[in-house]
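I opened the model to go through a few local features. My notes follow in the order I looked things up.

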Amino acid sequence: MARKDTITINGDEFSFNEGETILQIANRNGIDIPTLCYMKGLNPTGACRICVVEVKGARNLVPSCATPAMNNMVVETESERVIKSRKLNIELLLASGRHNCITCEKNGDCRLQDLAYRYKVETVRFPESETRYETETNALIIRDFSRCILCGRCVQVCNEVQVNRAISYGYRGSASKIVAVGDLPLNESDCVFCGECVQACPVGALTENPSRFQGRPWEVEKVQTTCPYCGVGCQMNLHIKDNKVIKITGTEDVAPNFASLCVKGRFGYDFINKPERLTVPLIKEAGSLKNASWDDALSLTAKRLVDIKSKYGPDSIGIFSSAKITNEENYIAQKFARAVIGTNNVDHCARLCHASTVAGLAAAFGSGAMTNSVADIEKSKLILVTGSNTTEAHPVISSYIKRAVESGSAKLIVVDPRRIPLTKFATLWLRQNLGTDVAWANGMMHVIISEALYDSNYVKDRTEGFEELKKTVEKYDPAFVSKITGISADDIIKAARMYANSRPASIFFAMGITQHSTGTDNVKSMANLAMLCGNVGVPGGGVNPLRGQNNVQGACDLGALPNVFSGYQPVGDPAVREKMEKAWGVNGLPETSGLTITEMVKGAQDGKLKALYIIGENPLVSDPDINHVEQGLKNLELLVVQDIFLSDTAKIADIVLPSASFAEKDGTFTNTERKVQLVRKAIDPPGKAKQDWEIICELSNRMGYAMEYTDSKAIMEEMNSVTPSYAGISYSRLENGGLHWPCPAPDHPGTPILHVGTFTRGLGQFHAIEYIPPAEVTDEDYPLYLTTGRVLYHFHTRTMTMQSEGLNELSPECFVEISPQDAADYNIKQGDLLRVHSRRGEIQAMARVSDQAIKGTIFIPFHFAKAAANRLTNPALDPIAKIPEFKVCAIRIEKV
Amino acid sequence: MDHKCIDKILEKYGHQESSIIAILQDLQEEENYLPENDLAYISENLPIPLTRIYRIATFYNAFNLTPRGKYPVSVCMGTACHVRGAPMVFDRVRLELGIDIGGVTEDGLFSLETVNCLGACALGPIVVIGKEYHGNMTPAKVESTIKKYRKRIAKEK
């Protein structure tokens, strides 16, 4: 074996791998070379010249970040020459602009200040250069150009990490400036306010506006926790001063986000500290909600529930658990429903988002969750994204996808009717008609099978049902599919060949696939496609549903579903019931599946359901056909709402119970990739608000069933004992990073990839599926289609995001996105007020004419209660998953 | 510019990202400046991030992001021209046109900029109007030279 190459740094010899830079070797061996512009993991720019070192024999000092080591190199990192050069550079940086530390937000956390201190730069020999550019301020980010040292870290993270490509260098020489396109202010540019640049800025040039003058770096305590918005599960540090969250930053070096966040995660925390938070229980008296004591509120709730149960039976009561609360709390909620009330009527909002995923993937694979991990995106050769506006709904995952495309490691196919931002990165963009997903998937499989591009060994060894599938897709030739979907036959063939010939290939989808009356069929079609090409159970492959809520995966896992206990153990299985009865010390757990959310609302309308206990959900905005939901809720004898704000639903409740937000509780969330991560209490809840599990336990105690846990950890321990897939997960293990379930034992490493070697159900099941049109199609009266979705700056019913001034400024109100062609046909201009009618209701909103929309289909975000898109949507249900068809309905529009 | 014309330019350079400077030069040749919409179209169809185009377009003095006059006037301020009185020539041009650096005359005919050297020092001071070079300029000759262009334009009309 050849002797390994070595390098000598400060007199010590080190071996190295080819391509390693001097800086990397030094870092690895504990030698501290100061840096300023260097970003770990990105291409070094060598811009700041702070990391220069002396290399024996070299004429000039070399930047250690950008210089690869060579054999027998002799390096000095703190020689006289090096120090002199660093001092000069620091002086020059300090002279460029106005580096006044007194009120700078970065004082105490500034790399330039650190360097000046380290190298004892007390005076600057050069005159301060004039600052050419005015400080720019918007609600979220302050850009102080007088402090900018043009190191380029912000440009690098914007372009190479988040791949938002909003800023770059502009002009040159002494006029150089970091600019957005057109040198526009950020809030008029393509910037999406992820704030990655702010976190990367080593000095005070970029700072968070809402955090200004709120606290100095050394006054705050930082607590790492899990983001409360979407399902990516970003790890973030809450900066706490005086029991108040004053800033949020992404946690460095920790999966899945490695310091990245999106605008909601970084800036959407105002809700935590708002005076509008519920601080005491409320009881409705004579038509209005009045403050009450916990004792009164809980006793009354207990009494009413007991009365209703004895009068109408346990199945007259329903519980909406929540995808926003912790795993422990979901476990307690479903235990309360089953063991205390005695009903399986427990469900949560997954019914409205991924019920079809759980049903479809369970049927195909035996397990209804994301098959692969987020990190696996880097291993994919091809990524197919459909029905997911990833950059707006799961921004940090979208960065993984964009990076994979930019680095050339993967190609991207986007199948989406809207020109979503990801289409800019796509090799191929298929623009299908709404609700025709089964057809294009069948079309691709037709091509793959007829051209024999499928993985025949995988199909033979690992799956069943192939012959039926083959027979069914036979008639879906590209010409036939083209007629249904509106996608050209050529593109279907191209997509099929690309998908089949690039392995491993992964599929990512979200609501655009699931929220259909054929949602389960759509999901099964994705499973078919993936299995056909041998892409399930392999690194970089998989069928990956992106979950929309921080803990929607966990709420499903811990049994907040009407048909299963925690760990998807069926309520219909006597052995499982017996196990639970023993663990919980009860008899006669209900054996038939309970009602789903949509069925409970229907039950309320019909008078079969008498009481509803809603935790952290807002069905008066989020559910389809709100007009009917409202009737149903008003029809109830008892409506209890447990929330952090007086939501639209809470306003009509009989009893309102104030709960703690994510920042005020301990527990765990399970993110979209099945990774269980810690939530850590950073501050105390406002007023008398309590953690959700505490409220339910106290209620249970009053109803005669003792639930006594010292803390959330004790609940986790009970979960371990009755939930095989969570059996090995403990808080002490999670302290060192999250764990992917299934994790059946304390020494099990977790399972980042499902179905390796064998499917959970044994063989993968192909489903032969015929295309069925959407439940409502356009006609003369309602000639246009409506599809609904999210925008980047808001989350769900805006209970949390509407509390943020910055987010409201960036996305103030509802809009109707309409294609330029339709706008011309209806003589509609940008900003015109439109009235939109469906068979179920009408709303008004401003027109936004945009080529993101396709002719014949308008898009309305569903966040805004004032112009709630769900007054229009169709409550037609998928027959299996009972998920409503949010994504397609027929409407007509007119100018107001 | 018509998208078809931009497509032709992109075609000419084989949609090569590395040819972006030549592409921008061709666009400016046609349009006299770099219209924002056209840059967005190039960004989408080359494809290349718009921020990168903007970085290049602002780096080089030769690119203009705002419309220039039909006859851009460039006064050379290089060393050789300078010692032969370029600043006085420049002042006179400014007076004659009634605009400052970066400005465009109200009729849209002329715009004013300075350059640092045109590499024809023997002819200095030099003023370039449109594509024509006017050497050995003096303040006294400025008025008549610009008048020539005004006449020419009037004739064309």
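**Cis prolines.** I began with Pro742(A), which sits in the loop between β31 (739–740) and β32 (764–765) of chain A. Strands here are DSSP runs of E with at least two residues, helices are runs of H or I with at least four, and both are numbered from the N terminus. The peptide bond joining Trp741(A) and Pro742(A) is cis, with omega about 0°. I then turned to chain B. Gly124(B) and Pro125(B) are also joined by a cis peptide bond, with omega about -10°. Pro125(B) is in the loop between β2 (110–115) and β3 (127–129) of chain B.

**Ground rules.** I noted that this is a predicted model, in which local features need pLDDT of at least 70, side-chain atom pairs count only at pLDDT 80 or more, and totals for chains, interfaces and linings use all residues. Residues are numbered from 1 along each chain as its sequence is written, chains are lettered from A and ligands numbered from 1 in the order in which they are written, and side-chain values use heavy atoms, with hydrogens and water left out.

**Positive phi.** I looked up Phe213(A), which is not a glycine but has a positive phi of about 60°. Phe213(A) belongs to the loop between β10 (206–208) and β11 (221–226) of chain A. Its relative accessibility is 59%, so Phe213(A) counts as exposed. The cut-offs of relative accessible area are under 20% for buried, over 50% for exposed and in between for partly exposed (1.4 Å probe, protein chains only). Tyr568(A) has a positive phi near 60°. I found Tyr568(A) in the loop between β24 (564–565) and β25 (569–570) of chain A. Tyr568(A) has a relative accessible area of 26%, so it is partly exposed.

**Ala823(A).** I checked its contacts (heavy atoms within 4.5 Å). Neighbours within four places in sequence aside, Ala823(A) touches Ile818(A), Ile828(A) and Val849(A). Val849(A) is 26 residues away along the chain, yet its C-alpha atom is 6.7 Å from that of Ala823(A).

**Helix pair in chain A.** I took α2 (residues 80–95) and α3 (residues 111–118) of chain A, which pack at about 135° with axes 10 Å apart. Axes are lines fitted to C-alpha atoms, for helices over the stretch in contact, and angles run from 0 to 180 degrees between N-to-C directions. Ile90(A), Leu93(A) and Leu94(A) of α2(A) meet Leu112(A), Leu115(A) and Ala116(A) of α3(A). That contact has six nonpolar residues, no polar and no charged.

**Helix pair in chain B.** I compared α2 (residues 20–31) and α3 (residues 36–45) of chain B, whose axes cross at roughly 150° and come within 12 Å. On the α2(B) side the contact uses Ile20(B), Ile23(B), Leu24(B), Leu27(B) and Glu31(B). Asp38(B), Leu39(B) and Ile42(B) come from α3(B).

**Chain B overall.** I logged seven helices and four strands in chain B. Their order along the sequence is α-α-α-α-β-α-α-β-β-β-α. The C-alpha trace spans about 50 × 40 × 25 Å along its principal axes. Chain B has 157 residues, and 42% of them count as buried.

Technical notes:
Ala, Val, Leu, Ile, Met, Phe, Trp, Tyr, Cys and Pro count as nonpolar, Asp, Glu, Lys and Arg as charged, and the others, Gly among them, as polar.
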